[in-house]
Amino acid sequence: MNIQQIYTGCLAQAAYYIESNGEAVIIDPLREVLPYIDKATSDNAKIKYIFETHFHADFVSGHLDLKAKTGAQIVFGPTAKPNYDAIIAEDNQIFEVGDYKIKVIHTPGHTMESTTYLLIDEHGKQHGIVTGDTLFIGDVGRPDLAQKVSSDLTQEKLAGYLYDSLRNKIMTLPDDIIVYPAHGAGSACGKNMSKETTDTLGNQKKTNYALRADMTKEEFTAELLDGLSEPPAYFPQNVMMNIEGYESLDKVMKVSQNPLSPKAFEAAANETEAIILDVRHQTEFIKGHIPRSIFIGIDGGFAPWVGSLIADVSQPILLVAPEGREEEVITRLSRVGFDNVIGYLEGSFEAWKHAGMEYDTLTSISAEEFANRYPENKDVVFDVRKDGEFTAEHVDGAKHTALDNINSHLSEFPEDKPFYIHCAGGYRSVIAASILKSRGIHNLIDVAGGYGAIKKTDIPRTDYVCPSTLK
């Protein structure tokens, strides 16, 4: 069977393209739809269907733009209620694509409309399953997202549905079929996903904790919910955009690609409630940035951090981006629903400096210098890594405030004396520093290279505890 994964910039997300005899389908498309159209055109194929496994939370799907550009029909599984025209399939309904067949298998649990698509080749053989967020490689979908949309759904109730879907709908399929999940390692839609993007169902039965044959529903629920972190704040908003509809990407790009001179940029910042988002590399931000701007570098975990820390997808944004990458940044923001970019600084930060505008810097020191200062400053070291990273090992005496929650813990940082801040490698600590400085807390010192560099010094650290042993 001719099935391909097409990635369009979001490394944790896969979209699937299937073509047979001049007909093609796309499953779970990302918002930037031209790669799918180009692929179908190169195959002399017409896109017939756009299958959605569920209403996605972590990205805005490209289903509406793709339908508008190709005329293909959107398909959801049972119980879905989108606010636009779509086929709401029945459980076990079969769709034909050339010589192939795609069978709808309703698998509620991650969400109530979650659906797995069984792929059947031209010989009638069951080839694989596109599982969406129901089954990953090494994990299963988190059951706490739908409760953000419907108050009568609890994560325990959804976990129960997921248990039944896995046991009764998926694990009964042949062991040799291939599992094609919607996400891989790095996605916030699960907690323990493998970096591998496909596997056989039989191997997953042997290796995936959630598919143990002797597991009771109560055991499944307890293990699934254990260690489940709070989902990013923007997730429910993306769900609603995928349910209700959204502005076309073409229009978003046209409005957002608005170059502003330093003076016009400053005026827009003063006259609106826009956040100034600086997406350059952290070393550039450290050397100079517009006062009160927030750093989230485009070359790090960009979109998830934007969604976690800015949260409101309707927030107006002014961009400071590397020259030539403005369109890329706007596109990547739009993929997670941030469509309200009102302009970008033409000429980037160098234009701001050349115009003689006021700018700020961030104090940053090496790990070696931090080691020299540590004995006299043990009580003012702040680690902004994730909970699991900190618990596994950390600088002796360090305080912990995860970057995800920093906006709720600003009072924990001292305002009357210098303090030191670090993450794992230097990206997240600069994000944290920019947020603190934007709130008027300037007495901070970043440790360049983060914990990775600190480990190479003689600073006392706690004994390492393997994260897999933590409960």
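Contact here means heavy atoms within 4.5 Å, and the angle between two axes, which runs from 0 to 180 degrees, is taken between their N-to-C directions. In this predicted model, helix α8, made up of residues 262-271, lies across β13, β14, β16 (317-320) and β17 (341-345), and the helix runs at about 150° to β16.

The sheet in question is open and consists of 5 strands, which follow one another in the order β13-β17-β16-β14-β15 with parallel pairing. Because β13 (259-260) and β15 (294-295) stand at the edges and have a single partner strand each, one side of each is left without a neighbour in the sheet. Strands of a sheet pair through backbone hydrogen bonds, and the pairing may be parallel or antiparallel. Between β14 (residues 275-278) and β15, which run parallel, there are 2 bridges, and Asp 278 stands opposite Phe 295 of β15.

## Salt bridges across the chain

Side chains of opposite charge can pair when their charged atoms come close. With a cut-off of 4 Å between a side-chain nitrogen of Lys or Arg and a carboxyl oxygen of Asp or Glu, the model contains 26 salt bridges. One of them joins the side chains of Glu 23 and Lys 48, with an N to O distance of 3.5 Å. This pair links distant parts of the chain, given that Glu 23 belongs to strand β3 (residues 23-27) and Lys 48 to strand β4 (residues 46-51), 25 residues apart. Glu 23 is partly exposed at a relative accessible area of 25%, and Lys 48 is likewise partly exposed, with a value of 28%.

A salt bridge is also found between the side chains of Asp 404 and Lys 386, where the N to O distance is 3.3 Å. Asp 404 lies in the loop between β20 (399-400) and β21 (419-422), while Lys 386 lies in the loop between β19 (381-383) and α14 (387-392), so the pair ties together parts of the chain that are 18 residues apart in sequence. Both partners count as partly exposed, Asp 404 at 30% relative accessibility and Lys 386 at 40%.

The side chains of Arg 428 and Glu 389 meet in a salt bridge with an N to O distance of 2.8 Å. Because Arg 428 lies in helix α15 (residues 427-438) and Glu 389 in helix α14, this pair ties together parts that are 39 residues apart in sequence. The two partners fall into separate accessibility classes: Arg 428 counts as buried at 11% relative accessibility, whereas Glu 389, with a relative accessible area of 27%, is partly exposed.

## Positive phi at two residues

Most residues other than glycine have a negative phi. Asp 28 has a positive phi, near 55°, although this residue is not glycine. Asp 28 is placed in the loop between β3 and α1 (34-42), and its relative accessible area of 1% lies under the 20% limit, so Asp 28 is buried.

Ser 348, also a residue other than glycine, has a positive phi near 55°. Ser 348 lies in helix α12, which covers residues 348-354, and because its relative accessible area is 7%, Ser 348 is buried by that limit of 20%.

Conventions:
Residues numbered from 1 in each chain as written. Predicted model: local features only at pLDDT ≥ 70, side-chain atom pairs only at ≥ 80, totals over all residues. Heavy atoms only, no water. Pairing = 2+ DSSP bridges. Helix = DSSP H or I, 4+ residues; strand = E, 2+ residues; numbered from the N terminus. Buried < 20%, exposed > 50% of the residue type's maximum accessible area, 1.4 Å probe, protein only.
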